[in-house]
Amino acid sequence: MCGIFGCLLKGGSAAPLIHVALKRLEYRGYDSVGAATVYEGRLYVKKDQGNVDAVHAKLHLDNLPGRLGIGHTRWATHGAPLQKNAHPQLDCDNRIAVVHNGVLENFSGLRQELEERGHVFRSKTDTEVIPHLIEESMKAGLGFADAVREAVKRLEGSYAIAAICTQEPDKIVCARKESPLVVGIGDSSIYCASDIPAFLPLTKRAIAMRDGEFAILSDAGAEIKKIADWSPVEREPETITWDLEMAEKLGYPYFMIKEIHEQPESLRNTLRLQDTYLDLMATFLDRAREVFLVACGTSYHACLAASHMFSKLAFRSTQPIIASEFVQRAGDSISVDSTVLAVSQSGETADTLSAVMHASNRAATILGLTNVIGSTLTRVSRTYTCQQSGPEIGVAATKTFTAQVSVLAQIAIKLGEKRGKLFHEEAKTLRKKLQQIPEIVERIIATQEEKIKGLAKKYRDKRCFFFLGRGISTATASEGMLKLMEIAYVPAITYPAGESKHGPISLIEEGFPVVFVCPNDSTRKATIGNIMEMKARGAVVLAIIEEGDEEIKNLADDYVEVPKGVPEVLTPIPYVVPLQLFAYHMAIERGCNPDMPRNLAKSVTVL
Ligand code: M6R
C-alpha cells in the first residue's frame, strides 16, 4: 500500500501542495518519498528514502518549479527502501515520470522484454516497467494518453498510477485497477490521489474511479474513459462531508474496522507474490533437518496454522514456538542443521529478533516473513518474503494475520509439490481455492457483520469466554481469544477442544459462553461431541460454522456462517474474520477504543 498524488493548478506552484498531500498520505507507507513536476519542457524530480519530514528536510520537496506534478509515499514491496527504488520512476530519457500503488505480477517478463529492446532500468521496482512501456509507444508515434493506455493494457496485477510527461506538459494521466484512486475537482485545480484526505483541505468534490478506468486531467477538467474500449464515463463529483480524521479512516470510526474490511484487498495482494520468493522459501524448508516457526502474539497464531499446513500438505513437521520461550525451550539444541522461520508483521519485535539472533549465532538458517521490507528481520534473514499487507495502524493485528496465513499456505503448497507429497492437480485446486478466499471474506463481512453486532450486544456483559477448536482451528480459536482479550478486555481462555475435558471444563456453569470454531472438516464430528459436552453443563454456545450446517445450528445458541467450499487447511483465513468482528463490536459495546488498547504498543521492541 503506497500513497500517490497528482496536482494540476491553473496558476501557482504544485510542489508545496504535493508535499502537504504526501504528508497526509503517509499513513499508507513511509519507506521513501518523491515528487516530480514538469516545467518549461523539463522534468524536475526529488526523491529519497525516509519519511516525508526526513526527505523534505534534506531535499525541500516544496521547491520544484511548475504548476503540475505528481508525488508518492512508498510502502516497499519490490525492491528495498532505497533512493533508486523511490517513486517517481522514469523512462530512459527522463521525459516520463510515473507513480504507482499496487503490485505488478508480470513485471519480470516485461522488464526482460524491454531490456532486450535496449531500455536501461535504474531500480528494482515493478513500477519501472510502466514509464519504459509508455516511452516505447510514444516513440512509435502515440500521444501521451494513448501510450499510457497501451502500457496499462499490458499490466497484470493491481495498480493506481499517475503519469506526467514533458512532451505534453499540461496533463496528468491516471488509471486504476484494484488499487484506490480518486479525482478531486477544485475551482481552478484538479487532483488525483490514493485517498480523499490527500486533497480534502483543497476541495470537497471528488470522483471515485472504478476498476478499468482511465482519467486525463487537464485545465478542461477530468476526462474519464474505460481502458478496455475507450468509451467515455460520465460521473458527477460527489460532495465529501467527512472531516479530515474521518477521511483518513475512509469514513470508518476506527482503523481496526477499516483494516478488517480491507482484508479482501490485502488478501488479493498476497496472491500476487512472485513465485521465485515462494520457491526459495520452500527450497530452504525442504532441505532443513529441523524447522522452528518462531513468533509472538498474532504472528505466533499464524505459525500454529502453518504447522498444520506444512504437516498436511508437505509432510514437513515443524515446531511452532513462542519467541520469548525459544531460547529456553530449544536454544541449546540449535545448530547449523536448524532452520528458523521467523514471522513478524513489524519485523522489529524484540522477542522474535532475540530468538533469531540466538539461532543465527549458532549458525542456523534464518528465514523471515514480514510486512516491512527494510525491517531488522529482513536484514538478519538469509531470505525473506514480504506479506504485502500495507501498513496496519490498529494495534490489534487483523489484515496482517490473514495475509500471513495466506502466504504461509502458498509456501506450504509449494513445499508439498517439491517434496512430492502434493500432486499437481491437488496443488492447482488448492491455489484456485486460495484465489476464492478474498471473495469469501467479502461475503462474510457483507452478510454476517450486522448479526455479529447483535451478538456483541447479547454477550457484552459476559465475564469470561472459552474459545475452542480442533486441528488447524485451534489456531483460529487462539486468535479469536487474543482479539477479544486485547481490545475488549474480556478474559478469555483457549484450548484444543479435545483437551478442555481434562480440566478447563470445570469452569463451565449455567450461561458460560463458549465460542466454537467448527468448519466442515475432518474435526467436525469430534467438535460436535465437545459442543454437546459443553451444552450439557449449561454453556451458551456461539459457533462459527459452514453455511447450512443444520446439525450445529440446532445445537448452538448462536452461530455465524462462513460460505461453503473452504478446504480444511485454508479455514483459518475466513473463519477468523467473524471472530475479529466479534472482538471489535464487543469493544465498541463495552466502550473501549479498539485502536488504542491500554498497555499495548503496535510494535513491542522491548524484551
Ligand atoms: O510485529 P509482530 O508480528 O512481531 O508482533 C507480534 C505481536 O506483538 C502482535 O501480534 C500482537 O500480539 C498484536 N497486538 C496482536 O493483535
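A backbone N or O atom of Q345 lies 2.7 Å from an oxygen atom of the ligand. That is a polar contact, a pair of N or O atoms within 3.5 Å. T349 has one through its side chain, where an N or O atom is 2.5 Å from an oxygen atom of the ligand. For V395, a backbone N or O atom is 3.4 Å from a nitrogen atom of the ligand. The protein covers 92% of the 410 Å² of accessible area that the ligand has on its own, by the Shrake-Rupley method with a 1.4 Å probe.

This is a predicted model, in which local features need pLDDT of at least 70 and side-chain atom pairs pLDDT 80 or more, while totals for chains, interfaces and linings use all residues. Residues are numbered from 1 along each chain, and side-chain values use heavy atoms, without hydrogens and water.

There are 13 residues around the ligand, each with a heavy atom within 4 Å of it. S299, S344, S346, T349 and E486 come nearest.

Now strand 17, residues 338-344. Strands are DSSP runs of E, at least two residues, and helices runs of H or I, at least four, numbered from the N terminus.

Which strands pair with it? Strand 15 runs parallel to strand 17, with 5 bridges, and strand 18 is also parallel, over 6 bridges. Pairing takes at least two DSSP bridges. L341 stands opposite L293 and opposite L367 in strand 18.

Technical notes: Buried means under 20% relative accessible area, exposed over 50%, partly exposed in between (1.4 Å probe, protein chains only). A polar contact is a pair of N or O atoms within 3.5 Å; within protein, one must be able to donate a hydrogen and the other to accept it, and residues adjacent in sequence count only if both atoms are side-chain atoms.
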